[in-house]
Amino acid sequence: MPVIDEIRLRLRDAFAPRELEVQDDSASHAGHAGAPAGGESHFSVLIRAEAFEGASRIARHRAVHAALGPDLVGRIHALALDVDA
C-alpha cells in the first residue's frame, strides 16, 4: 500500500476527522539529502477532528505521530502537520 494511503487510513481510524488532506510533497524534494529515489518521503497533512479539542499543539502532534506508529513514521523523512479541532 502506498505510504499516502497508509497515512490516510491510520488517521481516519484514529481520529474520525471531519477534514483530512494528505499531500505527497516528495517530488518537490527529489535529490535532497534523505530523499529516496522512489519518493514517498515528504508529506503534508491537514487534519481537523474533535479529538484535538483543548489539546496543545505539541499534544496534537504527538497524537498524530502515535496514530501513525513508529513503523510508518520511520519511513517518512519529513511530515508537515496542520492539526486542529
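Mentor: Before we start, contact means heavy atoms within 4.5 Å. This is a predicted model, where local features need pLDDT of at least 70 and side-chain atom pairs count only at pLDDT 80 or more, while totals for chains, interfaces and linings use all residues. Residues are numbered from 1 along each chain as its sequence is written, and side-chain values use heavy atoms, without hydrogens and water.

Trainee: Okay, which residues is Asp 25 in contact with, leaving aside neighbours within four places in sequence?

Mentor: Asp 25 sits in the loop between E1 and E2; helices (H or I, at least four residues) and strands (E, at least two) are DSSP runs, numbered from the N terminus. Beyond its sequence neighbours within four places, Asp 25 is in contact with His 42, Phe 43 and Ser 44.

Trainee: And how far away is the nearest side chain of opposite charge to Asp 25?

Mentor: Asp 25 is buried yet has no salt bridge. Buried means under 20% relative accessible area, exposed over 50%, partly exposed in between (1.4 Å probe, protein chains only). A salt bridge is a side-chain nitrogen of Lys or Arg within 4 Å of a carboxyl oxygen of Asp or Glu. With Lys and Arg counted as positive, Asp and Glu as negative, and His and the chain ends not counted, the nearest side chain of opposite charge to Asp 25 is Arg 8, at 10 Å.

Trainee: Which strands stand at the edges of the sheet?

Mentor: The open sheet has three strands in the order E1-E2-E3, with mixed pairing; two strands pair if DSSP finds at least two bridges between them. Two of these strands have a single partner each, so one side of each is left without a neighbour in the sheet: E1 (19–24) and E3 (78–84).

Trainee: How many bridges join E1 and E2?

Mentor: E2 covers residues 42–48, and its Phe 43 stands opposite Asp 24. E1 and E2 run antiparallel, and the number of bridges in their pairing is six.

Trainee: Which residues are linked in a network of salt bridges?

Mentor: Start with Glu 6, buried at 12% relative accessibility, whose side chain meets Arg 10 at 3.3 Å, N to O, and Arg 75 at 2.8 Å. Arg 10 also forms a salt bridge with Asp 71, with the closest N and O atoms 3.1 Å apart. Arg 10 lies in helix H1 and Asp 71 in helix H2, so this pair ties together parts 61 residues apart in sequence. Put together, the network is Glu 6, Arg 10, Asp 71 and Arg 75.
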